[in-house]
Amino acid sequence: MLTSTKESLKKEFSKNWEKYYKIDFLVEQGFKRKVCKKCGKGFWTLDEQRDVCPDQPCSDYEFLGNPPTKKRFEYVEAWKAIEKFFIKHGHESIPRYPVVARWFPPLFFTVASIVDFYRIDNGNVVFEFPANPLIVPQFCLRFNDVPNVGVTGKHYTSFVMVGQHSLYDGKNGYWKEKCIELDYKMLTEVFGIPPEEIVFVEDLWLGSGAFGYSMEYFVRGLELGNAVFTEFLITPSGPKEMKEKVIDMGAGLERFPWVTNGTPTSYDVVFKPVIKSLLQTTGLEYEKDLFLRYSKYAGMLNVDEVRDVEKIKRLIAEKLGVETKTLEEKIEPIQALYAIADHTRALSLAITDGQIPSNVGGGYNLRVVLRRALSFIDEFRWDFQLIDVCELHAKQLKQLVPELEEHLDEIQEILEVETKRYRASKERARQIVRRIVEAKKEIDEQTLINLYDSHGITPEMVRKFAPHVRIPPDFYSKVAERHSKPVEKKKEVLQVDVSGLPPTKKLFYERDYDYEFEARVVKIIGNKVVLDQTLFYPTSGGQEHDTGYLNGVRVTDVEKIGDVILHTVERVEFKEGDIVKGIVDKERREALRKHHTATHIINAAARKVLGSWVWQAGAEKKVDKARLDVTHYESLTEEQVEKIENLANEIVKKDLPVRKFFIPRVEAEKKYGFRIYQGGAVPSKTIRIVEIEGVDVEACGGMHCNSTGEVGFTTILSTERIQDGVVRIEFTCGENAIKILEEKERILNSLAELLGVEEESVPDAVKKLFEEWKRTKKEVEKLKTETSEVLVKRLSNSFKQVNGIKYLVVELEGFTQNELREVGNKLVSDNSVVVLLGILDRVYVFVKAGKDVVSKGFHSGKFCKELTQAMEGKGGGSESIAEGFGVKKLSKDEIERMLARRMGG
């Protein structure tokens, strides 16, 4: 009986190796099973004398400078050879999937070739293959080894996993015997590797919902691939054998040219034309002999396994017979070029596939590697741009990823924006680090992480201004890990038991322009009614619910739990089993329908105007207006907004047909690609597609018009950058849009009359008025600054005292929060507390305590929170400084009593 813990499974599989690991094909070739005397793993070899497995640390690399084959393969050539072999043996070669895993929400990026086929169906992970069997050159992104990239010779953030996959149900596809036979023949026939050089090692793979045993294959100490035989599901009652077993063989494409060339690092052959160009540009000298000797020890610098990297560097230098400083001078610049080559490839792929650097989500990891690459360029004072390297990748990978070349302009645009931000953060770094150093604060690992997260300041920048700072070797791994997976948003679950109820038939898909229907009452739960069928659309996908009547009783809300739809009514005037008549509010439905269709139009227009990185990041469709959040790196300009609006209205004027239909998910992805997942992945094998011919295709379950002309005139009301990398567009259409235009016209007429000019002269008149206002504002600010200095001087003599602590509570009429802060910062001393209240439309509060007061236990944030709560507002802050507001005014005496209590008086 199998259990599902990793260690127990290892023991179980090893104990029953004949059942799980014995491959008749290997036995026929003469392979024998042995057990590693160092680690205890089982392995299969032709070498009678071998008594250790080929995995590190049990064995070392034996192919560096000594490849096991006379055949030499370049990077793309290696894939072409593998592809040709598997096509010959009945596999369909499919194009790579995007590196951004939009179809599988638990991941930001495609981390393995098998992820291409992960789908969610009713809450369960299932496999959906577009062909069986298949082979795929899947580019993957992983950010857990960032500091090792460029250093160890084998680590990458972007790499190609050659995916050999098959679904086996006893008839279709194939199972482990055929898999291992194919892999063996690929090694021997395609790459010319002698059979005696190949060793298969027993292992296992344990995922979140399934697991299987596996056979890794090594050549001269280098793992080339891992064939996982996914056979068991993890269920609450224990492991369960799968009906369709999965062959999941993943091999690193980077390993094949490396093992056949025996270069010091895999980067030398994988990035061959890129590194060659960068060496010429930088003038660096590449000492192959030194690198070859060094590469045998490079794995010792894996920061996941080593704490004291400097100690290991000294040890390697000693083994090579050179000074540590000399070794660093010759090796580290080349390692930086390797890292830049890797990071720019990862960025090129991600931007091409629609993900841009930012400080949230998957964009965070991209910004980590981008800034690491830029910091290397700065550190070694090189004169080239990241886009230069991206162009080299596009040229080298044209046969494998032709779309990189097509997106170079967009890649350049994004990299230029990010480089400017990086340069700006360097200036901020100088100021922030100077303040920290002057305050004699320790700059530890957590401080470095906070500086990076909050200000985008890399540790290399910090060390420029504070040379004593130690940068943890795994710093970039740690910051990347903080953003490695999407945070699952907690959805508000309706607490209603619908178990045992049949699915509600969704008439709104079949008869989306009907507004009356009859249905049978299946269940009444409080004031919620479940019908056997309904025309009422429930709140879903950002679209608000329908309202209307059931037998004349008002329906105020419509919700969905699973496949059951609940109608909230004002009162219950019918019973279970009754036939009721439903009437949907037509005017509301039409407004929602138009706004939802307009959302698709605006999204398509924004993508056309801004760039292919534009994806929907959120949406809401209401009766009076709608909003669409899209991925974009900066606020929209007036010109961009105008272009998006004009293009949207062109699409409306064309009166294009809007097709709505259901289709198998596999078929939809094959036909339309992954752009269909604008609103997120669909957890169902059959999905509903909404297609605006030649404009937009999305998987969407909302209510839509039959043509774009029905939407009517569309106008953008406002845009706002709501977070890094996301812009919100608020808009309306149809009659609402016309009403807003009429209101704008009325305001323009009023302005013209008020300013005493013709309508067309209003902009010039307003501009003149605005310039006058700016001049007046500057004079007022200057006057306020002079006044505040006088005020500070006067208030300095107004402090009171309790328990040896000076305090001041003052009301300042007409002072804003910023003005309170300016005055308060000048008033406070080490042994005082200042509480300032600005009296405007509400009461603004500023609290600041000196360091001596804080050391005695006073907490500004806690006092501010107590005070603002008493004022029916809110506030808070740190020990030393806090801000807030209230709507209820307290007397000065009350506030002083509260303050005295806090100070122990």
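Two strands pair if DSSP finds at least two bridges between them. That criterion is applied here to a predicted model.

Strand E11 covers residues 238-252 and pairs with strand E7, residues 158-168. The E7 and E11 pairing is antiparallel and runs over eight bridges. Within this pairing, Gly-163 stands opposite Gly-250 in E11.

Strand E11 also pairs with strand E10, which spans residues 222-235. The sense is again antiparallel, here over 10 bridges. A hairpin of two residues links E10 to E11. Thr-235 stands opposite Gly-238 of E11. In a regular strand, side chains alternate between the two faces of the sheet.

Helix H8 comprises residues 272-282, and helix H11 comprises residues 324-352. Their axes come within 10 Å and cross at roughly 130 degrees. Angles over 145 degrees count as roughly antiparallel, and 65 to 115 as roughly perpendicular. H8 and H11 are therefore oblique to each other. The crossing of H8 past H11 is right-handed.

On the H8 side, the contact is made by Val-274, Ile-275, Leu-278, Leu-279 and Thr-282. On the H11 side, Ile-334, Leu-337, Tyr-338 and Ala-341 take part. By class, eight residues of the H8 and H11 contact are nonpolar and one is polar.

Notes
Residues numbered from 1 in each chain as written. Predicted model: local features only at pLDDT ≥ 70, side-chain atom pairs only at ≥ 80, totals over all residues. Heavy atoms only, no water. Axes fitted to C-alpha atoms, helices over the stretch in contact; angles between N-to-C directions. Helix = DSSP H or I, 4+ residues; strand = E, 2+ residues; numbered from the N terminus. Parallel < 35°, antiparallel > 145°, perpendicular 65-115°, else oblique. Left-handed = near helix turned anticlockwise from the far one by under 90°. Contact = heavy atoms within 4.5 Å. Nonpolar A, V, L, I, M, F, W, Y, C, P; charged D, E, K, R; others polar.
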